[in-house]
Protein chains: 2
Amino acid sequence: MAETVVAKDETRLRLDLGYDGSGFSGWARQPGRRTVQETVEIALGRLLRLDSPAALTVAGRTDAGVHARGQVAHVDVPAANWAAVAATAMRGLAGLLPPDVRVHTVAPAPPGFDARFSALWRRYTYRICDDPAAADPLRRADTLWHRRALDIGPMNQAAQACLGEHDFCAYCRRREGASTVRRLIRLDWARRDGVVVAGVVADAFCHNMVRALVGALLAVGDGRRPVSWPGEVLAAGVRDPAVHVAPPHGLCLEEVGYPADAELARRAEATRRRREAPAGPGRG
Amino acid sequence: MAETVVAKDETRLRLDLGYDGSGFSGWARQPGRRTVQETVEIALGRLLRLDSPAALTVAGRTDAGVHARGQVAHVDVPAANWAAVAATAMRGLAGLLPPDVRVHTVAPAPPGFDARFSALWRRYTYRICDDPAAADPLRRADTLWHRRALDIGPMNQAAQACLGEHDFCAYCRRREGASTVRRLIRLDWARRDGVVVAGVVADAFCHNMVRALVGALLAVGDGRRPVSWPGEVLAAGVRDPAVHVAPPHGLCLEEVGYPADAELARRAEATRRRREAPAGPGRG
């Protein structure tokens, strides 16, 4: 519970941000690697003239190469430091951040807000171009080029079997002691101008979960596997080496959903109770 | 006329292509520079096993840093060499080209087709983001980030004064002896999700013309100049140093329009008669 309580002389800020994941070793800090977390924390530290580095908590800990348009994070900072820069914070951050990260908004969060634990759902997209006549070099950083034509009818049919609350351990990289039960709310494919886009929503995702699901559905879409296969893999409950995890660069975190302000603290409590012990589920 | 006549043992191919201009010194070959033309000519030479390099003629000779989604070019190649690879040409080119250029289609052109002189019009877009909350790092390669908020009402009003046939020498880099008379068919601005996009269509464009027009309209949109200014600059007929040529990376050649097949040769003839002597207008 400690994290939801903000110290009296501190302000909890909510940040909405986007990044091109190509040049980052993912969100989470790692020694000796360029990460989004460290890049933003350094910029915040400079903006706010902090003595110790800002420590961000994030809604979706994206992997290396995964992008975001609607990432959400929070950070607790001394109230006085925030007050001193609040009016110019957006412009300040734009000048302090490299062009592959943009902070879209930064403002005091409503009481009870926790970027990770208050979230109700995360929405990702996965972009695939299967038509050489539509391959757009300007979108190659966030679009997978697939050599075989995809039929989204069977892909949508197969996705149905994965919706709802399941143990997604067949589609996750396991972490000792962490639950892999998640509720998949939406997984569907649409085609626009030669590009096939998946919309994927879940309460939260395990590590590699979207990319493994996309990999299984790709095999259905280009005819290598029957429509029933992704559901069978899910039901079997063990990682199937035939499921190829799709590359990271087609994946983008688009949006994180939160309840109304009055529900933020209650939601954070409930999520923490359900998922935290003995080890967090990791990916948010 | 010589260019419209294809030798008997040769096939004229039409290529439709797209590229991310970021890594190129423009379309046209230049010694010691990486250009789109040379990159595609080398790939075609390998694909078709040509003794001498393929020589491409292009619809729009884009400048350094300018992108294309709908560029069109033609090339005359030995018919036998084409016949030998026709069935696998698309896949072959995809393997031979770097990821910042894609050939969307390559096929024998209809009789009379000339990528440059048969064209009726060229359509460009220019993308500008003026809202920090909407700045998408994934689109930074093809979107100008503008610090001041833009009002597209006055921009659209000002653009009206530039439509029609005019001598655009005030908006062009002059080339000795080349006409700068062009017919501007469309120039309008629309806002979508925090991004302002210009659609610009003309029979052809002089060097720098779209970017200079965009630069003048930007000054209107953010309030630095009155609505009447871009039209006054046009009417004055001399380059105005107050017009800042907009950066290349917001600009993209989206589409080239051609007449029906039966009209291709006639159109090429007419264009050549009107524009060629004593020196070509250059930019297509």
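Which residues in H1(B) meet Ala89(B), Gly92(B), Leu93(B) and Leu96(B) in H3(B)? They are Ala43(B), Arg46(B) and Leu47(B). Two residues are in contact if their C-beta atoms, placed from the backbone, lie within 7 Å.

This is a predicted model, in which local features need pLDDT of at least 70 and side-chain atom pairs count only at pLDDT 80 or more, while totals for chains, interfaces and linings use all residues. Residues are numbered from 1 along each chain as its sequence is written, and chains are lettered from A and ligands numbered from 1 in the order in which they are written.

## Helix pairs

Helices (H or I, at least four residues) and strands (E, at least two) are DSSP runs, numbered from the N terminus. Helix H1 of chain B covers residues 36-47 and helix H3 of chain B covers residues 89-96. The axes are lines fitted to C-alpha atoms, for helices over the stretch in contact, and angles run from 0 to 180 degrees between N-to-C directions.

| Helix pair | Axis distance | Crossing angle |
|---|---|---|
| H1(B) and H3(B) | within 10 Å | roughly 130° |
| H4(A) and H5(A) | 8 Å | about 135° |
| H4(B) and H5(B) | within 8 Å | roughly 135° |

Angles under 35 degrees count as roughly parallel, over 145 as roughly antiparallel, 65 to 115 as roughly perpendicular and the rest as oblique. H1(B) and H3(B) are therefore oblique. The term also applies to H4(A) and H5(A), and to H4(B) and H5(B).

A crossing is left-handed if the near helix is turned anticlockwise from the far one by less than a right angle, and right-handed if clockwise. H1(B) passes H3(B) in a right-handed crossing. The crossing of H4(A) with H5(A) is right-handed, and its contact is made by Ile152(A), Pro154(A), Met155(A), Ala158(A) and Ala159(A) of H4(A) with Leu217(A), Val220(A) and Gly221(A) of H5(A). In chain B, H4(B) likewise passes H5(B) in a right-handed crossing. There, Ile152(B), Pro154(B), Met155(B), Ala158(B) and Ala159(B) of H4(B) meet Leu217(B), Val220(B) and Gly221(B) of H5(B).

## Helix H5 of chain A

Helix H5 of chain A runs over residues 209-221. At 1.5 Å a residue, its 13 residues should span 18 Å, and the end C-alpha atoms are 18 Å apart, which agrees. The expected span is 1.5 Å times one less than the number of residues.

A residue is buried if 20 or more other C-beta atoms lie within 10 Å of its own, exposed if 12 or fewer, and partly exposed in between, with C-beta atoms placed from the backbone. By this count H5(A) is mostly covered, with 11 of its 13 residues buried. Among them are Met209(A), Arg211(A), Leu213(A), Leu217(A) and Gly221(A). The buried residues of H5(A) pack against helices H4 (152-160) and H6 (229-236) and against strands S5 (121-129), S8 (181-192), S9 (195-202) and S10 (251-257) of chain A.

In the loop between S9 and H5 of chain A is Asn208(A). Asn208(A) has a positive phi of about 75° although it is not a glycine, and it is buried, with 21 other C-beta atoms within 10 Å. Just after H5(A), Gly223(A) takes a positive phi of about 85°.

## Two exposed residues of chain B

Arg49(B) lies in the loop between H1 and strand S2 (57-58) of chain B. It has a positive phi of about 50° although it is not a glycine. With 10 C-beta neighbours inside 10 Å, Arg49(B) counts as exposed.

Ala83(B) belongs to helix H2 (residues 79-85) of chain B. Ala83(B) is exposed, with 11 other C-beta atoms within 10 Å. Ala83(B) and Leu48(B) are 35 residues apart in sequence, and their C-alpha atoms are 9.2 Å apart in space.

## The two chains together

The contact between the chains involves 22 residues of chain A and 22 residues of chain B. Strand S1 (10-19), strand S3 (67-78), helix H3 (89-96) and strand S4 (101-108) of chain A each supply at least two residues of the side of chain A that touches chain B. S4(A) gives the most to that side, with 4 residues. Of the interface residues of chain A, 100% are also interface residues in chain B, so the copies meet through the same surface.

Two copies of a chain are related by a rotation about an axis and a shift along it.
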